[in-house]
Amino acid sequence: MLYRGLISNINGQTITLADLPLNSKIRESFYLTLLGKTPSQMQALRARQNFSGRHIPPYELSSSNKKLIQKWLSNNPEGIIYIPKEWQTSDLRVVYQFDSEEEVE
């Protein structure tokens with residue numbers, strides 16, 4: 001629901017979504033696994049939502065670099081982004097984790 005643009009807050013807290021760059025394999029795998037859509041299909045959906053005023057698209061990071069993502073999360077405590085499980089640190093709160101059958105590579 002978050003990345004479909006249907007939810008903009010959790011428990012009354014406004015959230016800020018981030019996307020990895022369009023050419024990121026992590027992004028492609030995330031959208032295909034979670035939503036069954038390619039990043040291009042999601043861009044088209046968001047363009048329609050944005051045009052209708054119903055949705056603000058996620059902020060697109062300039063790189064899939066782990067340090068850049070950590071910096072973005074540090075500067076955006078309300079931020080949500082998808083990352084590989086091995087990048088998870090103890091200071092991050094996990095909103096959703098794929099089970100082993102739907103693992104994102």
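Reader: Which residues does Y3 touch, not counting residues up to four places away in sequence?

Author: This is a predicted model, in which local features need pLDDT of at least 70, side-chain atom pairs count only at pLDDT 80 or more, and totals for chains, interfaces and linings use all residues. Residues are numbered from 1 along each chain as its sequence is written, and side-chain values use heavy atoms, with hydrogens and water left out. Taking contact to be heavy atoms within 4.5 Å, Y3 touches L17, A18, D19, F30, Y31, L35, M42, R46, P58, I80, I81 and Y82.

Reader: How many residues has the largest nonpolar core, and which element gives the most to this core?

Author: A nonpolar core is a set of buried Ala, Val, Leu, Ile, Met, Phe, Trp, Tyr and Cys residues joined through side-chain atoms within 4.5 Å, where buried means under 20% relative accessible area, exposed over 50% and partly exposed in between (1.4 Å probe, protein chains only). The largest one has 21 residues, and Y3 and Y31 are among those with the most contacts inside it. Elements are DSSP runs numbered from the N terminus, helices being H or I with at least four residues and strands E with at least two. Strand 3 (16-19), helix 1 (25-35), helix 2 (39-52) and helix 3 (66-75) each give two or more residues to this core, and the most, 4 residues, come from helix 1.

Reader: Is N11 buried or exposed?

Author: N11 lies in the loop between strand 1 (9-10) and strand 2 (13-14), and has a positive phi of about 50° although it is not a glycine. Because its relative accessibility is 80%, N11 counts as exposed.
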